[in-house]
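Open the structure in your viewer and keep the sequence beside it. The stops below say what to select and what is there.

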Amino acid sequence: MTDQPTIFDSLSLDELRTRTSKKWRAYAPDVLPLWVAEMDVPQPEPVVAAVHDAMRRGDTGYPSGTDYAEAYAELADERWGWTVDPGSARMLTDVIIGISDVLKVLTEPGDTVVVNTPVYPPFFAVLDDLGRRTVSAPLGADGRIDLAALEAVLPGAQVFLLCNPHNPTGTAHTPEELAAVAALARTHGVRLVADEIHAPISSPAAAAELGRPVFTPLATVPGAENAISVVSASKAWNLAGLKAALAIGGPEATQDVHEIAELADHGASHLASIAHVAALRHARGWLDEVTTGIDVNRRFFTERLAERLPGATVQEAHATYLAWVDCRGLRDTTGIPLGDDPARAFLKRGKVAFTSGVPFGPGGEGFLRVNLATSRAVLAEAVDRMVAALASQRPAR
């Protein structure tokens, strides 16, 4: 374990608490927030400069052109060997709203959409809002796609909505897994839609060990030519408040992307596009610092948790800056387990906020999600608060 500082050691808690975003305002000041996916890092200077310059010039009108798609295509080619045609992409509001826009083209009310649970909770909200029927294909015990479980529910479905890499587990699906998924989808006439927002956030150590990129774009595997991916620079460069995303269709899905309602374009921000382009083109070194720091943090958190709370286990992950923690083996000092929602007990007893596993659907019971994109000092304090919470005999409810 390195003792060298990383990019996540750049800001103090006092500095971070001056932020007014959701992460820092949802709970009281005495609560340590490791829940929503915002990173505790200084913003990359090229992004700050680009936004400042746009504001100085008054370049704050409506979005235009294909700069964003072109910048993403450059990153995709360099990092993953994915050839993206900027002319086939559409700029949309953000990834989750973009998924809704795509599903409006591919499905009708009452149609069935398959998801791998546990999965990012807004998937359920989008499908419910659209009046689509959600069917679960649970992940395997190892956190990977269970092809048999998937094949069992694909007949009669219209779309398989894939999270790639997977949120909350941090699993990076392999080329072989994705090719098998694409083959099953073809067999059953099911379309593939992928949330690939976490794509740039992958472990450099794992990539070196594998001898290939950790992330595999769905569109690059055989059989996925009619898939649609929804992507954004927002997660990897901490730009969630600057709304912009892209829908990118494979060669057989270009027409579907073009059929997305014209109104969908209106939610994207021109200033966001400027910021995202600057990130994609000029802040890749900053991203490398982030992914290196996440490797350090994941190892640190996993080892510290194993030392202080051996009843909790962290799912192995090579992507995202999230940790999926199984707390079913934990007991308080009276021998009582924490139940389906351990995050609730840690918040009430320990004043540390994690994301509850329950809203992620079947398989999330007894788990919690931890945001690792912070300093090791904060992660250490979080584990200490978890220990203190278990020592407390106050009821969680």
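The tour covers a sheet, a helix, a pocket and a loop residue.

This is a predicted model, in which local features need pLDDT of at least 70 and side-chain atom pairs count only at pLDDT 80 or more, while totals for chains, interfaces and linings use all residues. Residues are numbered from 1 along each chain as its sequence is written, and side-chain values use heavy atoms, with hydrogens and water left out.

Strands are DSSP runs of E, at least two residues, and helices are runs of H or I, at least four, numbered from the N terminus. Two strands pair if DSSP finds at least two bridges between them. The open sheet has four strands in the order β9-β10-β13-β12, with antiparallel pairing. Next, select 367-371, strand β13, which two bridges join to β12. Ser356 has Leu368 of β13 as its bridge partner.

**The pocket.** Now select 342-350, helix α13, which gives three residues to the lining of the largest pocket, the most of any contributor. α5 (95-106) and β12 each supply at least two. For the pocket's centre, pick Val36, Ala37, Tyr120, Pro122 and Lys235, the closest to it of the 32 lining residues.

**The loop residue.** Finish at Arg144, in the loop between β4 (133-136) and α7 (147-153). From Arg144 to Val221 is 18 Å in space, C-alpha to C-alpha, and 77 residues in sequence.

Terms used. 1 Å grid on protein atoms, 1.4 Å probe; cavity = no way out; pocket = protein on both sides within 12 Å on 5 of 7 lines; lining within 4 Å.
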